[in-house]
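Hi,

Here is the structure I promised to pass on to you. Have a look around it first, and then read on for what turned up.

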Amino acid sequence: AFTSVGRNPGRGIYVVDLTTLEVTVLNTLDEAGGQLGELMPNSLHWSPDGNKILFPVWSEASGGFLDARIAVLELNNPSTVSTLINTPGRLEDYGRWSPDGSTVMFKWRWYDGVVWGATGISHYSMSSGTEILWRSIDSGVPFDWSPDGTQIVYTTTEDTNPAEQYLYVGP
């Protein structure tokens, strides 16, 4: 899957069949921004069962503030996008399915329109609909699950001069 962004009328989410190289349009944006808002390229993530695509949606909220939420597109009904995680005042912008599809891990950062606040990584249970903070971090992405779902690898950048970047692996 890939996104087409910018101001072109064909921006949206697409899938390429690697055997035939046929491109299928899953969902596009209308000129006013549509239901997908401003997509983040390179942040699409297939569910392990292959039936859903997880991605962040950026848009302008009331008062000119940025809003970012985690959304899901179901391949059996790609014209409908569902919001999975959306907390007012918090930008959720990078999500990854667990290997068994039961949990979504995502990065977030508090933002009041002027000041950037705390940053963290949380996990969201698909069955219970609950979110649990996994780690507070200075800043950083990307991250990913281990194949067995028992660990996460992630980066964080400390605000030093020069900036220092660290790689962590942990449960």
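Which residues does Thr103 touch, not counting residues up to four places away in sequence? With contact meaning heavy atoms within 4.5 Å, Thr103 touches Arg96, Trp97, Ser98, His123, Tyr124, Met126 and Trp145.

A bit of housekeeping before that. This is a predicted model, so local features need pLDDT of at least 70 and side-chain atom pairs count only at pLDDT 80 or more, while totals for chains, interfaces and linings use all residues. Residues are numbered from 1 along each chain as its sequence is written, and side-chain values use heavy atoms, with hydrogens and water left out.

**The whole chain**

The protein chain has zero helices and 15 strands. Both are DSSP runs numbered from the N terminus: helices are H or I with at least four residues, strands are E with at least two. Of the 171 residues in the protein chain, 39% are buried. Buried means under 20% relative accessible area, exposed means over 50%, and partly exposed is in between (1.4 Å probe, protein chains only). The accessible surface of the chain is about 9300 Å², and 53% of that belongs to carbon and sulfur atoms; these areas come from the Shrake-Rupley method with a 1.4 Å probe, and for residues only the protein chains shown count as cover. Take the contacts in the chain with a separation of 6 or more: 30% of them are between residues 24 or more positions apart.

**The sheet**

Now find the open sheet of four strands, in the order S9-S10-S11-S12, with antiparallel pairing. (Two strands pair if DSSP finds at least two bridges between them.) Strand S9 (90-97) and strand S12 (131-137) each have a single partner strand and stand at the edges, so one side of each is left without a neighbour in the sheet. On average, neighbouring strands here are turned by 25° against each other, direction ignored. For that angle, axes are lines fitted to C-alpha atoms (for helices, over the stretch in contact), and angles run from 0 to 180 degrees between N-to-C directions.

S9 and S10 run antiparallel and are joined by seven bridges. One to look for is Tyr94, whose bridge partner in S10 is Lys107. The hairpin of these two strands has five residues between them, and Gly101 there takes a positive phi near 75°. Next along, eight bridges join S10 (residues 103-111) to S11 (residues 116-125), again antiparallel. Phe106 stands opposite Ser122 in S11. While you're looking at strands, remember that in a regular strand the side chains alternate between the two faces of the sheet.

S9 is mostly covered, with eight of its eight residues buried.

**Salt bridges**

How many salt bridges are there? The count comes to three, where a salt bridge is a side-chain nitrogen of Lys or Arg within 4 Å of a carboxyl oxygen of Asp or Glu.

- Glu92 pairs with Arg90, the closest N and O atoms being 2.9 Å apart. Glu92 counts as buried because its relative accessibility is 0%, and Arg90 counts as buried at 4%.
- Glu131 and Arg90 also meet, at 2.8 Å from N to O. Glu131 lies in strand S12 and Arg90 in strand S9, so this pair ties together parts that are 41 residues apart in sequence. Glu131 is partly exposed, with a relative accessible area of 33%.
- Asp93 and Lys107 meet at 3.7 Å, N to O. Asp93 is in strand S9 and Lys107 in strand S10, so the parts tied together are 14 residues apart in sequence. Asp93 and Lys107 are both buried.

Arg90, Glu92 and Glu131 are linked in a network of salt bridges.

Thr103 sits in strand S10 and counts as buried, because its relative accessibility is 14%. Its side chain makes a polar contact with the side chain of Ser102 (3.4 Å). A polar contact is a pair of N or O atoms within 3.5 Å; within protein, one must be able to donate a hydrogen and the other to accept it, and residues adjacent in sequence count only if both atoms are side-chain atoms.

Last stop: Leu21, in the loop between strand S2 (12-16) and strand S3 (23-28). Most residues other than glycine have a negative phi. Leu21 has a positive phi of about 65° although it is not a glycine. Is Leu21 buried or exposed? At 61% relative accessibility, Leu21 counts as exposed.

Cheers
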